[in-house]
Amino acid sequence: MRLATWNVNSIRSRLDRVADFLDRQDIDVLAMQETKCRDEQFPFERFDELGYEVAHIGLNQWNGVAIASRIGLEDVQAAFPNQPGFDKDAADSLISAPIVESRALGATCGGVRVWSLYVPNGRTLHDPHYTYKLEWLAALRANGAQWLAENPEAQIALVGDWNIAPTDDDVWSVEFFANKTHTSQPERDAFNAIVETGFADVMRPYAPGPGVYTYWDYTQLRFPRREGMRIDFILASPTLAARTKDATVDREERKGEGPSDHAPVIAEFTD
């Protein structure tokens with residue numbers, strides 16, 4: 001099984017690139033984030049032509065997550081239990097309510113429970129979105145721990161854009177990211193709490209840092225200057241992690257015309 005995750009930064013803008021990637025890398029399951037479209041706007045037909053079933057959840061032009069699979073797509077679930085919402089109008093709680101954004105989608109593909117995750121950005125250390133991010137990660141951790149407690153042999157992949165660089169090796173400059181989101185200690189602690197429940201970062205053993213990144217800002221020539229961050233991950237449950245035979249970042253997808261600002265992460269598992 002070849003599993004990939006990719007923040008495509010608009011599926012309608014990157015559709016040809018995604019189609020070429022699926023063929024070139026012989027991908028069985030692709031989790032996508034930041035599709036930036038409503039369900040009725042998603043290009044299901046193109047994926048069907050390529051031999052993939054697709055589940056997607058998108059409420060507007062922001063967020064959006066999807067899973068495309070050619071090895072089965074069962075038990076589709078939008079949002080994990082108790083997934084926090086974000087109150088865009090927190091100052092007036094009498095007329096507003098937290099919105100559960102389209103940031104998590106689960107499906108069973110070839111016996112593996114895949115979750116496509118688009119973790120909230122956080123914006124700044126003092127923004128309400130930062131608190132939302134930490135609450136969101138805490139809820140994900142609670143679910144992950146429960147899933148493994150109920151079935152220690154469960155094959156689960158938590159994949160996507162985590163918007164966290166968990167170690168200093170995962171950023172091009174520690175000084176540049178000081179006192180910013182993505183590298184703050186609470187965010188790193190939240191990421192590590194999920195790892196400590198039993199989920200392993202399957203790519204790191206095959207691509208040791210520093211200098212291995214999955215995201216490069218469009219500005220300041222970040223990509224050609226190799227000034228990136230590693231914020232996209234495939235975290236696998238113990239049984240699934242034990243099946244890992246290879247993992248990598250496809251940097252080629254950050255090159256050329258009209259790329260996403262993220263590159264796909266790919267993991268291969270034995271049958």
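Modeller: Helices are DSSP runs of H or I with at least four residues, strands are runs of E with at least two, and both are numbered from the N terminus. This is a predicted model, in which local features need pLDDT of at least 70, side-chain atom pairs count only at pLDDT 80 or more, and totals for chains, interfaces and linings use all residues. Residues are numbered from 1 along each chain as its sequence is written, and side-chain values use heavy atoms, without hydrogens or water.

Start with Arg-188. It lies in helix H4, residues 185-196. Arg-188 counts as buried because its relative accessibility is 10%; buried means under 20% relative accessible area, with a 1.4 Å probe and protein chains only.

What does Arg-188 touch beyond its neighbours within four places in sequence? Its contacts (heavy atoms within 4.5 Å) are Ile-164, Ala-165, Pro-166, Thr-167, Asp-168 and Thr-183. Ala-165 is 23 residues from Arg-188 in sequence, yet their C-alpha atoms are 7.3 Å apart. At Thr-167, the Arg-188 side chain reaches the backbone oxygen at 3.1 Å.

Now the sheet. Six strands form an open sheet with mixed pairing, in the order S5-S6-S7-S8-S10-S9. Strands pair if DSSP finds at least two bridges between them. Strands S5 (74-78) and S9 (200-201) are the edges, each pairing on one side only. Strands S6 (residues 104-109) and S7 (residues 112-118) run antiparallel, joined by six bridges. Ala-107 has Val-114 in S7 as its bridge partner. Helix H3 (residues 128-150) packs on the sheet and touches S6, S7 and strand S8 (156-161). The direction of H3 makes about 175° with that of S7. Axes here are lines fitted to C-alpha atoms, for helices over the stretch in contact, and angles run from 0 to 180 degrees between N-to-C directions.

Methods. Buried < 20%, exposed > 50% of the residue type's maximum accessible area, 1.4 Å probe, protein only. Polar contact = N/O pair within 3.5 Å; in protein donor to acceptor, adjacent residues only side chain to side chain.
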